Amino acid sequence: RTVYVNGDYLPENEAKVSIFDRGFLMADGVYEVTSVIDGKLIDFDGHAKRLERSLNELNMPHPISMDDLLKVHRELVRINEIEEGMIYLQITRGAPDDRDFVFPDPETTPCTIVLFTQNKPGLADSPAAKKGMKVISIEDQRWGRRDIKTVQLLYPSMGKMMAKAAGADDAWMVEDGAVTEGTSNNAYIVRGNTIITRQLSNDILHGITRAAVLRFAKEAQMTVEERAFTIEEAQGADEAFITSASTFVMPVVEIDGAALGDGTPGPVSARLREIYLDESRKAAI
Ligand code: PMP
C-alpha cells in the first residue's frame with residue numbers, strides 16, 4: 001500500500017511518525033473515515049466539514065486545505081486502485097520536543113497528517129446486511145465530547161470486545177437509561193413508518209451517514225423522530241439498524257438476546273440501505 005504522511009506518498013513500511021507525537025502519547029488527534037464505491041468518494045464534503053469542526057473544537061490548526069485534502073484522497077484511491085473500501089485520515093497536534101500536557105505552539109510544532117486506504121471488495125454488497133447483526137447493551141463510559149471525532153477509541157474498542165465475548169457483533173451504549181449510539185455507528189429503531197434516532201448533542205457523534213439517511217427517509221415519506229430511546233423500547237420495535245460510513249445502513253436483528261420481529265432484517269432497513277447506496281453512488285465524487 002502507498003500511504004500519505006505529511007505531504008509525502010510512501011510505501012507503508014517507510015512511513016514514520018515520531019514517538020513524541022501527541023496522537024501516540026495523548027490521543028490528541030482527530031480522524032475521519034470516508035468510504036469509496038466504484039472508485040469514488042462517498043460524501044467527501046460532509047467528512048471534510050466535520051473534520052474542520054473537530055479541529056476547531058480542539059483549537060488545532062488546519063494543516064491542509066479542503067481542496068488539497070480531496071486531491072490526496074483521490075490520489076490514494078488511484079495509486080492503490082481502490083474500487084470499494086475506505087480512506088482513513090488522521091490529524092494530530094504533532095510531535096513537540098518533549099512530552100508535555102500543555103499544547104505546543106503550532107508555529108514550531110506542525111500537525112501530523114496521515115492518510116491510508118483500506119481495500120474492501122464487496123463492501124456495498126455485504127452478506128452481513130442480508131443476515132443482520134446482533135447487539136448487546138453496555139454502559140456508555142466515554143468522555144463528554146463525543147461530537148468531536150477524536151482518536152480516543154479505547155472504550156469503544158473494549159465495547160466491541162464485550163460484544164464479541166457475548167457472541168454478538170457490536171454494542172449499543174446506554175447512558176441515563178437511554179441508548180446513545182453504537183461503538184462506531186449511530187443507532188436507530190423503526191416503528192411502522194417511523195424512524196427513531198437520538199437527537200444531536202455532545203453525547204453522540206454527528207454521523208455523516210446519519211444526516212444523509214434521515215434526509216432520504218424524509219424524501220421517501222417516512223417520519224423521522226429525533227429523540228432518545230431505551231433498550232426496552234428497542235427490543236419491542238419492529239426493526240432496528242445502525243449507520244456509519246463503513247457499514248452504510250446495517251440491519252440489527254437481535255438486542256441483548258431478544259430477536260426483533262422474526263429475527264431477520266426488516267423491510268424499512270433494507271429499503272433505506274438500498275436508497276442510501278443508490279443515492280450515494282449518484283452523488284459520489
Ligand atoms: N458514532 C460513532 C461513535 C462513530 O465512531 C461513528 C463512525 N466513525 C459513527 C457514529 C458514524 O458516523 P459516520 O456516519 O460519519 O461514519
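Predicted model: local features only at pLDDT ≥ 70, side-chain atom pairs only at ≥ 80, totals over all residues.
Tutor: Let's start with helix axes: an axis is a line fitted to C-alpha atoms, for helices over the stretch in contact, and angles run from 0 to 180 degrees between N-to-C directions. Here, α6 and helix α8 (residues 267-283) pack at an angle of about 110 degrees, with their axes 10 Å apart.

Student: Why is α6 called roughly perpendicular to α8?

Tutor: Angles under 35 degrees count as roughly parallel, over 145 as roughly antiparallel, 65 to 115 as roughly perpendicular and the rest as oblique. The angle is about 110 degrees, so α6 is roughly perpendicular to α8.

Student: Which residues make the contact?

Tutor: Two residues are in contact if their C-beta atoms, placed from the backbone, lie within 7 Å. Ala-212, Val-213, Phe-216 and Ala-217 of α6 meet Leu-272, Ile-275, Tyr-276, Glu-279 and Ser-280 of α8.

Student: What is the contact of α6 with α8 like by class?

Tutor: Ala, Val, Leu, Ile, Met, Phe, Trp, Tyr, Cys and Pro count as nonpolar, Asp, Glu, Lys and Arg as charged, and the others, Gly among them, as polar. That gives 7 nonpolar, 1 polar and 1 charged residues.

Student: Which residues come nearest to the ligand?

Tutor: A residue is near a molecule or strand if its C-beta atom, placed from the backbone, lies within 6 Å of it. Of the 13 residues around the ligand, Leu-205, Gly-207, Ile-208, Thr-209 and Ala-245 come nearest. Helix α6 turns up again, with the largest share of this shell, 3 residues. By class, the shell has 4 nonpolar, 7 polar and 2 charged residues.

Student: What are the domains of the protein chain?

Tutor: An automatic or database domain assignment sets the bounds, giving domain 1 (2-119) and domain 2 (127-283). Their centres, taken over C-alpha atoms, are 26 Å apart. The contact takes 21 residues from domain 1 and 13 residues from domain 2.

Student: What is the predictor's confidence in the chain?

Tutor: pLDDT is the predictor's confidence in each residue, from 0 to 100. The mean for the protein chain is 97, and 100% of its residues reach 70 or more.

Terms used. Residues numbered from 1 in each chain as written. Helix = DSSP H or I, 4+ residues; strand = E, 2+ residues; numbered from the N terminus.
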